[in-house]
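Colleague: Could you take me through this chain? Please begin with the surface.

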Amino acid sequence: YFKSWKADPGTIAPQPEHIIQGITNQEYSVDDVVMPAMNLKCPRAKYSRLFECYVARFDHDCPWISNVVGVANIGHFIGFCYTVTVCLLCWDLLAIRLVFRESAAAMGPLCAERKRH
């Protein structure tokens, strides 16, 4: 969890001088630039308004880890999801086992009385 929360998601650093120079020299058009990120558009990259960063291979803004999931932390995020799933399954199995054990213990005396009659 900690690595997916604190790891850099694959942020692409802004290049304002390069972008301004490219636009003034007409090397780039405004359509080629992601203005909030001050960077050229990259395939599969997206600007996250929630975390205010431009991320390579952007997947999604994740409220569970309070970070963007991108190219650099996707492995940690998948590991986190797998661990949470396994923990929840173990919790469910233990809870079901406890419920059946308690219900069997409570029903034991009732079943014994019916067999006597």
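Modeller: Accessible areas come from the Shrake-Rupley method with a 1.4 Å probe, and for residues only the protein chains shown count as cover. The accessible surface of the chain comes to about 8800 Å², and 63% of that belongs to carbon and sulfur atoms. Please note that this is a predicted model: local features need pLDDT of at least 70, side-chain atom pairs count only at pLDDT 80 or more, and totals for chains, interfaces and linings use all residues. Residues are numbered from 1 along each chain as its sequence is written, and side-chain values use heavy atoms, with hydrogens and water left out.

Colleague: What does the secondary structure of the chain come to?

Modeller: There are three helices and six strands, taken as DSSP runs numbered from the N terminus (helices H or I, at least four residues; strands E, at least two). From the N terminus on, the order is α-α-β-β-β-β-β-β-α.

Colleague: And how much of the chain counts as buried?

Modeller: Of the 117 residues, 21% count as buried. Buried means under 20% relative accessible area, exposed over 50%, and partly exposed in between.

Colleague: Is F2 buried or exposed?

Modeller: F2 counts as exposed, because its relative accessibility is 55%. The residue is found in helix α1 (residues 2-6).

Colleague: Which residues make the nonpolar surface patch?

Modeller: Y1, F2 and W5 make the patch, of about 350 Å².

Colleague: Which residues does V34 touch?

Modeller: Leaving aside residues up to four places away in sequence, V34 touches N39, K41, Y47 and Y54, a contact being heavy atoms within 4.5 Å.

Colleague: How many aromatic pairs does a search of the whole structure find?

Modeller: The search finds one. The ring centres of F77 and F80 are 6.5 Å apart and the planes are at 40°, so the pair is tilted. Rings of Phe, Tyr and Trp (its six-membered ring) pair if their centres lie within 6.5 Å; planes under 30 degrees apart count as stacked, over 60 as edge-to-face and the rest as tilted.

Colleague: Why are F77 and F80 separated by about one helical turn?

Modeller: They are three residues apart in helix α3 (residues 74-116), which accounts for that separation. Both F77 and F80 are buried.

Key:
Buried < 20%, exposed > 50% of the residue type's maximum accessible area, 1.4 Å probe, protein only. Patch = residues over 30% accessible without salt bridge, like charges linked within 9 Å, V, L, I, M, F, W, Y side chains within 5 Å. Salt bridge = Lys/Arg side-chain N within 4 Å of Asp/Glu carboxyl O.
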